[in-house]
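Visitor: I would like to go through the strand pairing in this model with you. Could you show it to me?

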Amino acid sequence: MMKRPQNPPAHIEVVLAVAEQEPVLANLLELYAHDFSEFHDLEMGSNGKFGYKDVPLYWSEPDRNPFLVRVDGKLAGLVLVKRRLDVSGNEIAWDMAEFFVLRGYRRRGIGTHVAHGVWRRLPGLWNIRVMQSNVSAHHFWAHAISTFTGEAIRSVRVEHDGECWNVFSFESPRVAQ
């Protein structure tokens, strides 16, 4: 059992994962799927794993970015980002495909710090999709986005493949180098 430190972490890193770290990412995705199964009907395979068939695509398709999160040098989560059509279906936007922070690191500002770092790293139009049933995630993203943009961004309800999502759309500005 990991004991939660009283002070905020000294160092949070969001690093691009390399292909050799695919098994690490796959292991973290199992924990993520376990958490997510509370909101989404996920079936575990006979091998005792949920699986995530798209993991290899993060090293073979140029519009996908896999990140690992470390807090004080320890593995603490993952972020999977890809490009896809935005809510309107007219523009290509960055999509937060998967975002996971281990439970022991939650509610300490780490997720917000990680999200802001990814948005600064990948400027442009962003869509953040949240399942309607995941109310705590909706609150997290509303806060993270508003503190990043400096304004409240309201989500739009979108139905896709029989599932209802709340989608936040916003622009991450390019930073002069």
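Visitor: In which sense do β6 and β7 pair, and over how many bridges?

Guide: In this predicted model, strand β7, residues 163-172, pairs with β6 in the antiparallel sense, and five bridges link them. The bridge partner of H160 is E163 in β7.

Visitor: What is the strand order in the sheet?

Guide: The order is β1-β2-β3-β4-β5-β7-β6, an open sheet of seven strands with mixed pairing. At the edges are β1 (12-16) and β6 (156-160), each of which pairs on one side only. From one strand to the next, the twist averages 35°.

Visitor: Which helices pack on the sheet?

Guide: Among them is helix α3, residues 110-121, which touches β1, β2 (64-71), β3 (74-85), β4 (92-101), β5 (124-131) and β7. The direction of α3 makes about 40° with that of β1. Helix α4, residues 135-149, also packs on the sheet, touching β4, β5 and β7. The direction of α4 makes about 10° with that of β7.

Visitor: Turning to the hairpin of β2 and β3, how many residues lie between the strands?

Guide: There are two residues between them, and D72 in this hairpin takes a positive phi near 50°. The strands β2 and β3 pair in the antiparallel sense over eight bridges. R70 has L75 in β3 as its bridge partner.

Visitor: And how many bridges join β3 to β4?

Guide: Nine bridges join them, and the two strands run antiparallel. In β4, M96 is the residue opposite V81.

Note on methods:
Residues are numbered from 1 along each chain as its sequence is written. This is a predicted model: local features need pLDDT of at least 70, side-chain atom pairs count only at pLDDT 80 or more; totals for chains, interfaces and linings use all residues. Side-chain values use heavy atoms; hydrogens and water are left out. Two strands pair if DSSP finds at least two bridges between them. Helices (H or I, at least four residues) and strands (E, at least two) are DSSP runs, numbered from the N terminus. Axes are lines fitted to C-alpha atoms, for helices over the stretch in contact, and angles run from 0 to 180 degrees between N-to-C directions. Contact means heavy atoms within 4.5 Å.
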